[in-house]
Structures are given as structure tokens and as C-alpha cells.
Amino acid sequence: MPRRTAGFTMSGDLEPGEAAYLREAACRMLAGERQADVTRWVNAEGHRTTLGNPWREEVLMRTLLRPRTAGLDADGQPIDGAPIIITPEEQKQLKELSPGRSEDVDEREYPLGGTAVCGKCAWELIPSWAAGKPIYRCPSAKPDDPLGLPAADGEVARSQPCGSISMNAIMLEDAVAELVLAELLRPEARERLESLLADVEAEVGRLKKGIKQVESRVKRLDAMVRTPMPDEAREGIVAALKVTRKEARDARTRLRFLEQMIAAALPSGDVDELIAWWKRAPAASKRALTLLEIEKVWVGPGRRGRNPDPHERIRVDWR
């Protein structure tokens with residue numbers, strides 16, 4: 001189950017109450033209040049994260065500095081019609097106020113986000129941070145999470161996440177990388193990957209055409225909204241414009257993801273060359289390649305003792 005972003009609903013609209021206090025928090029910081037004091041104020045007002053936890057200073061800053069909070073995409077470019085909590089200029093000023101933040105902590109990408117799932121309850125593991133280290137963890141159960149997910153082998157997942165599984169992110173990612181790299185060294189796997197990439201290239205072409213058509217509809221609807229008309233008719237057009245803009249955003253996101261898959265060109269050499277490529281490849285390329293090969297990574301409980309084998313905890317569903 002995808003995790004909702006603070007300040008936004010699952011459908012991508014602003015969540016008014018959350019957006020208001022996050023905007024107030026940003027304004028207080030820009031006015032000179034210390035980040036720690038603002039975080040204490042947020043918690044004292046009774047506000048909590050989307051997981052129901054008290055805000056921590058680093059989590060609050062990470063939320064305010066997400067591109068989406070300022071209506072930007074992952075590349076820092078404005079998204080047409082995207083709702084915003086703070087302006088891009090305000091976000092830039094906040095970044096300048098936080099020169100000591102660790103980029104590894106706050107900006108780390110998780111290649112297995114959306115792919116790693118709990119082996120006990122089948123809930124999606126969420127990227128997090130614990131004891132100074134990145135982890136993937138099953139979220140704690142919440143009364144407002146009524147939806148169950150299908151589990152492995154035909155079983156039915158619990159109606160809520162169990163919250164009992166977590167794994168060091170580097171350990172999990174390295175173990176999965178070993179499996180992916182081993183799979184890619186098989187000749188038949190390389191042929192299958194080339195076939196998948198050909199399908200991806202074809203979809204990229206279709207998406208580009210579709211995006212042009214959707215953007216054309218956005219322009220037409222936007223022009224209609226500006227034309228004098230009865231309020232009831234305007235409401236219908238505004239609703240259609242909102243849906244069409246979301247369709248355009250989703251298509252552009254999908255296009256960027258597929259283009260990352262194509263850009264993740266693999267070396268044709270031996271295992272050492274392949275491993276060297278993996279180590280220097282950007283996280284986006286690793287994620288794209290991993291998702292081309294893997295459907296799900298099931299993570300089970302760990303065992304105590306020295307040097308546990310991470311492979312004992314994971315099971316991969318290959319595409």
C-alpha cells in the first residue's frame with residue numbers, strides 16, 4: 001500500500017489541515033526561528049506524521065524540502081498545475097538555512113522502494129531511517145489502514161501492516177543486486193532483457209504521442225475555463241481540467257521512469273565489468289534495471305547471531 005505524502009491526499013490534492021501547518025512551519029523557519037523550536041511547536045499543536053508519529057526535526061525538514069512540496073518534479077522543474085505548499089523560492093531559502101544537513105540521510109534514494117514487501121503480512125516496506133542507518137520497514141498498524149493486500153502463494157494479507165519486519169537498506173539492496181547481477185550473466189536472461197527494453201522503447205513512443213494529446217486537451221480546457229459561462233458549467237470544466245492535468249503528470253512520470261530504464265545501458269563484458277557498472281550506476285538506473293527484472297522482493301524475519309546471511313531472509317518473484 002503506497003504511503004501518503006504529508007500535506008497531500010492519496011489522489012495528489014492538498015490536504016488543507018496538513019498543508020496549513022507545514023506552510024506555517026516553513027514561514028517560522030524563514031522568519032528566523034530555530035528548526036528544533038519549530039518542530040516542538042508542530043508537535044505541541046498536536047500534529048503528527050502520516051504514520052501517526054511525533055515529528056522529528058530531520059523528518060520535518062525532509063518533508064519541506066521534497067520537490068513535490070514546492071510543486072516540482074524530481075529534476076527540480078515546475079509541474080504544470082501541481083498544488084504547492086511552499087513556493088520554489090521559499091524552498092530554496094530553506095535549503096540555504098540547512099547547510100549542515102547530511103545529503104546521504106535526507107536525499108538518499110531507495111532502489112527497492114515499492115518492490116520490497118513484508119514476508120509476514122505482504123505490506124509494502126517503506127524507506128526509513130533508524131539508528132543512523134537507512135532501512136526498509138513494515139509500517140506500524142494503524143486503525144485508518146483498513147485495506148488488505150494479496151500475499152504470496154494465494155494467501156490473503158492481514159488487514160493492517162504487522163510492523164514487525166525491517167532490514168538494513170544497504171544489506172537488502174546488496175543482496176538483491178547480487179541476485180540481479182547473477183541473473184543478468186545468464187545468456188537467456190540477457191536476451192529476455194533486450195526484448196523487455198524493446199517493449200519499453202515502443203511504450204516510450206506511444207507515451208510521447210499520448211502526452212502531446214493530453215497537453216493539447218489541457219490547453220483547450222484551460223482556455224474554456226477563462227471564458228464567461230454559468231457557474232455550473234465552469235465547475236464541470238474545472239473538474240475535467242484537474243483530472244486531465246493529473247493524467248498529464250502521471251504520463252510524464254511514467255515516461256521519465258521508462259527513459260531511465262533505457263538509459264541503464266549494461267556493459268557486455270564479464271562479471272567484474274558488470275559489478276563495476278553496478279557500483280557506479282546512479283540509483284535511478286539501478287532501480288530501473290531492478291524493476292525490469294523483479295516483480296517483488298519478499299523480506300522475512302532475521303535471525304540473531306554474527307554475520308547473518310541476508311539471502312536467508314529474502315525471496316524474489318522474477319518477472
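Predicted model: local features only at pLDDT ≥ 70, side-chain atom pairs only at ≥ 80, totals over all residues.

Reader: What is the geometry of the pair formed by the rings of Tyr21 and Trp55?

Author: The ring centres of Tyr21 and Trp55 are 6.4 Å apart, and their planes stand at 75 degrees. Planes over 60 degrees apart count as edge-to-face. The pair of Tyr21 and Trp55 is therefore edge-to-face.

Reader: How many residues apart are Tyr21 and Trp55?

Author: Tyr21 belongs to helix 1 (residues 16–30). Trp55 lies in the loop between helix 2 (35–44) and helix 3 (57–64). The pair thus links distant parts of the chain, 34 residues apart.

Reader: Is Trp55 buried or exposed?

Author: The cut-off for buried is under 20% relative accessible area. Trp55 has a relative accessibility of 4%, so Trp55 is buried.

Reader: Which ring does the charged end of Arg28 sit over?

Author: A charge sits over a ring if, for Arg, CZ is within 6 Å of the ring centre and within 35 degrees of the ring normal. The charged end of Arg28 is 4.0 Å from the centre of the ring in question, which belongs to Trp41.

Reader: Which helices do the buried residues of helix 2 pack against?

Author: Trp41 is one of the buried residues of helix 2, and Val38 and Val42 are also among them. These buried residues pack against helix 1 and helix 3.

Reader: Which residue forms a salt bridge with Arg315?

Author: Side chains of opposite charge can pair when their charged atoms come close. For Arg315, the closest N and O atoms of the bridge are 3.2 Å apart, where the cut-off is 4 Å. The partner of Arg315 is Asp317.

Reader: Which residues do salt bridges that share partners join into one network?

Author: The structure holds 10 salt bridges. Arg28, whose charged end sits over the ring of Trp41, also takes part in a network. Salt bridges that share partners join Glu24, Arg28 and Glu33.

Technical notes. Residues numbered from 1 in each chain as written. Heavy atoms only, no water. Phe/Tyr/Trp six-rings, centres within 6.5 Å; stacked < 30°, edge-to-face > 60°. Helix = DSSP H or I, 4+ residues; strand = E, 2+ residues; numbered from the N terminus. Buried < 20%, exposed > 50% of the residue type's maximum accessible area, 1.4 Å probe, protein only. Contact = heavy atoms within 4.5 Å. Salt bridge = Lys/Arg side-chain N within 4 Å of Asp/Glu carboxyl O.
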